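Biologist: Hi! Could you walk me through this one? I'd like to start with the charged side chains.

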Amino acid sequence: MLDLLRSHASVRKYKDVPISDETFHEMLHAAQHAASSNFVQAYSVIRVKDQVKRNKLAELSKNLKQYDSAALALVFCADLKRVEHAAALYGKKILAGATENFLVAAIDTALFAQNFVVAAESKGYGICYIGGVRNNPGPISDLLELPDHVIPLFGMTVGVPEEANEVKPRLPVEAILHEDTYDENKYAEILKQYDSVMEEYYRKRSTNNKSNGWTDVMAAFLSEPRRTYMLDFLQSKGFLKH
């Protein structure tokens, strides 16, 4: 299991090999055993089989190549609609607009999805998360007919890998582990060393070589506004009202 977890790399090209419904459902059932806050299970997954919808999903998420060859095209949704129906059985309305309840749904969905990834990779499949679903969350919600209190968090492609990508070196454990108090003084030296590791990785990997480290990529990625419409979208779907 530890070797499996350490071997993860995103897959962007798949062989033309289908995944049976039985296998797909088996992996979903395993994914459902992820931890869930208060057992809300605030997630749903949309399997996009219709080719017209799938093509539109690929276009809207700006991942045409990703969806082209995958056996499964999925969209993972944070979902409070089902629990809304549960509460209605007792004449109650849930506080879907509460920030804490949004966090519950988002975290539940992420844990469920990652369990699904481990299940899929344990069977020899590859996956790639598609954050590009948030490039057009409104149109994708319309495409998939998502009601209020259900939002697309990310997509995922799944299939038999056509090619294996090298595993990216992660930050050293010392960078993410703090004992008793948060210590940011260690970052200067750790980040310098990690840049060297990543520069070597990017230089030597088999495809898409480049001369970057980690800090310059992160600085470029997080210093500019991105998807600034997300708060308005979330509120339009009934989340983050208070």
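Modeller: Happy to. Lys81, Glu84 and Asp148 are linked in a network of salt bridges. Keep in mind that this is a predicted model.

Biologist: How many salt bridges does the structure hold?

Modeller: There are 9 salt bridges in the structure. One of them joins the side chains of Glu145 and Lys53, at 4.0 Å from N to O.

Biologist: Where do Glu145 and Lys53 sit in the chain?

Modeller: Glu145 is in the loop between α7 (137-143) and β4, while Lys53 belongs to helix α3 (residues 51-60). They are 92 residues apart, and the pair links distant parts of the chain.

Biologist: And is Glu145 buried or exposed?

Modeller: Glu145 is exposed, with a relative accessible area of 66%.

Biologist: What about Glu59 and Lys56, what do their side chains do?

Modeller: Those side chains form a salt bridge too, at 3.6 Å from N to O. Glu59 and Lys56 are 3 residues apart in helix α3, so about one helical turn separates them. Glu59 is partly exposed at 46% relative accessibility, and Lys56 is also partly exposed, at 35%.

Biologist: Which residue does Arg82 meet in a salt bridge?

Modeller: Arg82 meets Asp79, with 3.4 Å from N to O. Arg82 counts as partly exposed at 42% relative accessibility, whereas Asp79 is buried, with a relative accessible area of 7%.

Biologist: Why does Asp79 count as buried?

Modeller: Because its relative accessible area is 7%, and buried means under 20%. Asp79 is also part of strand β2 (residues 72-79), where 8 of the 8 residues are buried.

Biologist: Which way do the β2 side chains point?

Modeller: Leu72, Leu74, Phe76 and Ala78 point one way, and Ala73, Val75, Cys77 and Asp79 point the other way. In general, side chains in a regular strand alternate between the two faces of the sheet.

Biologist: OK, on to the sheet. What is its strand order?

Modeller: It is an open sheet of 4 strands in the order β1-β2-β4-β3, with antiparallel pairing. β1 (43-47) and β3 (126-130) are at the edges with a single partner strand each, so one side of each has no neighbour in the sheet. On average, neighbouring strands are turned by 25 degrees against each other, direction ignored.

Biologist: How many bridges join β2 to β4?

Modeller: 8 bridges join β2 to β4, and Val75 stands opposite Gly155 in β4. Then 5 bridges join β1 to β2, where Arg47 has Leu74 in β2 as its bridge partner.

Biologist: And β3, how many bridges does it have with β4?

Modeller: β3 and β4 (residues 150-159) pair over 5 bridges, in the antiparallel sense. Cys128 stands opposite Thr157 in β4 there.

Biologist: Switching to helices: at what angle do α2 and α6 pack?

Modeller: Helix α2 (residues 21-31) and helix α6 (residues 99-122) pack at about 135 degrees, with their axes 8 Å apart. That makes α2 oblique to α6. The crossing of α2 and α6 is right-handed.

Biologist: Last one: how is the protein divided into domains?

Modeller: Domain 1 covers 1-166 and domain 2 covers 173-218. The centres of domain 1 and domain 2, taken over C-alpha atoms, are separated by 29 Å.

Biologist: Great, thanks for the tour!

How values were computed:
Residues numbered from 1 in each chain as written. Predicted model: local features only at pLDDT ≥ 70, side-chain atom pairs only at ≥ 80, totals over all residues. Heavy atoms only, no water. Pairing = 2+ DSSP bridges. Helix = DSSP H or I, 4+ residues; strand = E, 2+ residues; numbered from the N terminus. Axes fitted to C-alpha atoms, helices over the stretch in contact; angles between N-to-C directions. Domains from an automatic or database assignment. Buried < 20%, exposed > 50% of the residue type's maximum accessible area, 1.4 Å probe, protein only. Parallel < 35°, antiparallel > 145°, perpendicular 65-115°, else oblique. Left-handed = near helix turned anticlockwise from the far one by under 90°.
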